[in-house]
Amino acid sequence: MNKTFPWYKNAVFYELNVRAFYDSNGDGIGDIRGVIQKLDYLEKLGIDCIWLLPIYPSPLKDDGYDIADYYGIHPDYGTLEDFKALVDEAHRRNLRVITDLVLNHTSDQHPWFQSARTDPNSPYRNYYVWSDTDQKYKEARIIFLDTETSNWTWDPAAGQYYWHRFYSSQPDLNYDSPELKAEIFKIIRYWLDLGVDGFRADAVPYLFEREGTNCENLPETHTFLKELRTYLDQNYPDRVLLCEANQWPEDVRPYFGDGDEFHMGFHFPVMPRIYMALRSGNIAPVKEILDRTPEIPPDCQWCTFLRNHDELTLEMVTEEERQWMWQEYAPDPRMRLNLGIRRRLAPLLDKDPRKIMLANSLLFTLPGSPIVYYGDEISMGDNIWLPDRNGVRTPMQWSNSKNAGFSEANPEKLYAPVIDNPKFPLSEINVEAQINQAGSIWHQIRSMIRIRKNNPGLGLGDLNWLPLPDSGIAAYTRRFKTETWYIINNLTAEKKTFNIPADWAIPQNAVEQLTGTALDTLLTGKFNEITLYTYQFLWIKVG
């Protein structure tokens with residue numbers, strides 16, 4: 001724990017899919033031992049905390065979010081001993097590890113559900129939500145509109161309908177059951193005792209159901225979460241709870257409580273608006289969503305990201321904006337999924353390093369702790385011919401050797417094919433090549449991470465926008481104690497002239513931190529005038 005602020009407020013997170021990262025035993029599937037072998041790489045990149053996607057036993061109908069055993073490790077990934085070794089080795093490198101905690105549902109293959117559906121007197125019957133009719137909770141929306149027609153599914157063995165907010169293979173848990181709640185606390189204790197540094201809690205708005213409501217963000221949910229946080233604070237201080245709630249910022253705000261619920265929460269609506277700003281050359285969408293974002297308790301923090309393992313969600317935009325985003329970023333219907341876009345960062349931004357780094361400039365300098373999605377640090381491509389979200393979950397590309405250095409298996413045994421095509425050639429897009437190339441995307445992102453970690457003003461500072469007549473320039477300050485950052489981003493393909501405001505009071509000997517360039521060499525003859533080139537951005541620090 002930092003003496004002045006909690007560790008997670010200035011941390012850089014790295015989202016890691018174990019299946020996709022590194023195969024240590026040659027079976028074509030990434031595993032925990034493979035992650036251990038690549039910890040030195042993550043340490044070199046400079047991240048602070050690894051977020052592991054689900055590693056539990058699962059039929060993998062939803063990439064592990066359909067859990068069949070909360071107390072084990074999927075055999076594809078290794079053993080509990082492997083997991084303990086991963087946590088120990090990460091901690092030895094001052095890297096923290098958080099895991100996915102799927103609170104809302106299990107797999108229909110979970111022994112709890114199998115017992116519940118076949119025996120009305122099973123102790124697990126009340127772990128799930130049952131009904132004789134599919135007409136209850138009719139005001140709850142269907143989330144996966146492209147695959148599900150109802151939130152209820154008939155189970156002939158049970159002779160009743162069961163409730164699910166996601167896929168029908170993922171029955172929801174019943175948080176009105178004291179036994180289920182006790183089980184959840186037992187699960188949390190189990191993994192915390194193994195050394196994890198916290199949890200990314202999946203789909204938390206949907207834990208309770210009440211007639212006459214949309215069954216989201218209910219008061220009962222917050223009562224449970226406060227109990228969970230109290231337990232964590234009393235027994236496992238310095239661990240973190242990260243809230244996944246794909247909601248508007250004012251609807252996520254209650255999940256922080258009075259600093260007594262989640263430590264962190266994803267800021268979903270910022271993400272599509274960064275892409276809107278880049279394509280339109282207009283910062284207004286980002287500014288508007290941040291301006292309407294409520295204050296959060298001082299020890300809480302937002303988590304921000306450009307991409308992750310799911311589709312680029314367009315739930316938190318207007319219908320007109322959604323259609324525009326699809327037209328601009330997903331012209332091929334195969335690029336779309338649900339209310340979103342299933343593409344990676346580099347393909348979305350035309351593999352243009354200037355756009356990619358401009359997006360990262362916004363990510364690393366706007367409020368929130370940034371998350372890097374594995375492979376985006378080397379501009380990995382995607383595969384829109386793979387089903388569902390699998391196109392953005394392909395093997396990490398380590399080198400220009402067999403299977404991109406991911407696995408020694410025969411290529412046909414890989415869980416998914418490596419990406420190698422004329423637009424995204426493996427010879428260029430791999431870790432080894434980018435580390436050996438000065439100025440590569442990898443080196444630039446590593447530099448951003450280093451600056452971010454060494455300067456808490458970027459993580460904790462107040463945000464103040466500079467009002468400008470030209471919305472193609474995003475200029476703002478981040479101030480924390482004696483540290484002030486002046487951030488200037490040119491969102492357009494045009495050359496722009498930027499006049500430094502007098503009240504910014506930047507001394508002429510100030511230095512642009514990413515390039516080490518003295519400010520006076522950037523001036524165009526006038527003391528306060530800077531020329532910004534296509535998609536250029538400047539990070540200037542004073543204090």
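Residues are numbered from 1 along each chain as its sequence is written, and side-chain values use heavy atoms, with hydrogens and water left out. Because the model is predicted, local features need pLDDT of at least 70 and side-chain atom pairs count only at pLDDT 80 or more, while totals for chains, interfaces and linings use all residues.

**Nonpolar cores**

A nonpolar core is a set of buried Ala, Val, Leu, Ile, Met, Phe, Trp, Tyr and Cys residues joined through side-chain atoms within 4.5 Å. Buried means under 20% relative accessible area, exposed over 50%, and partly exposed in between (1.4 Å probe, protein chains only). The largest such core has 154 residues, and those with the most contacts inside it are Phe13, Tyr14, Leu42, Phe83, Tyr275 and Met396. Apart from it lies another core, of 17 residues, including Ile488, Ile500, Ile530 and Leu538.

For Phe83, the contacts (heavy atoms within 4.5 Å) beyond its neighbours within four places in sequence are Ile32, Leu52, Ile55, Ile73, Thr99, Trp191, Leu194 and Val196.

Helices (H or I, at least four residues) and strands (E, at least two) are DSSP runs, numbered from the N terminus. Helix 6 covers residues 178-193, 16 residues in total, and reaches 23 Å from its first C-alpha to its last. This is close to the 22 Å expected at 1.5 Å a residue, where the expected span is 1.5 Å times one less than the number of residues.

Buried in helix 6 are Leu180, Glu183, Ile184, Phe185, Ile187, Ile188, Trp191 and Leu192. They pack against helix 4 (80-92), strand 3 (96-102), helix 5 (111-118), strand 7 (198-202) and helix 7. After helix 6 comes Gly195, with a positive phi near 110°.

Helix 7 (residues 219-235) contains Leu225. Setting aside neighbours within four places in sequence, Leu225 is in contact with Tyr255, Asp260, Glu261 and Phe262. Its C-alpha atom is 9.1 Å from that of Val204, 21 residues apart along the chain.

**Cysteines**

A disulfide is counted as a pair of cysteine sulfur atoms within 2.5 Å, and a search of the whole structure finds zero. For Cys215, the nearest cysteine sulfur is that of Cys243, 18 Å away. For Cys243, the nearest is that of Cys303, at 10 Å.

**Burial of selected residues**

| Residue | State | Relative accessible area |
|---|---|---|
| Leu225 | buried | 2% |
| Cys215 | buried | 1% |
| Cys243 | buried | 1% |
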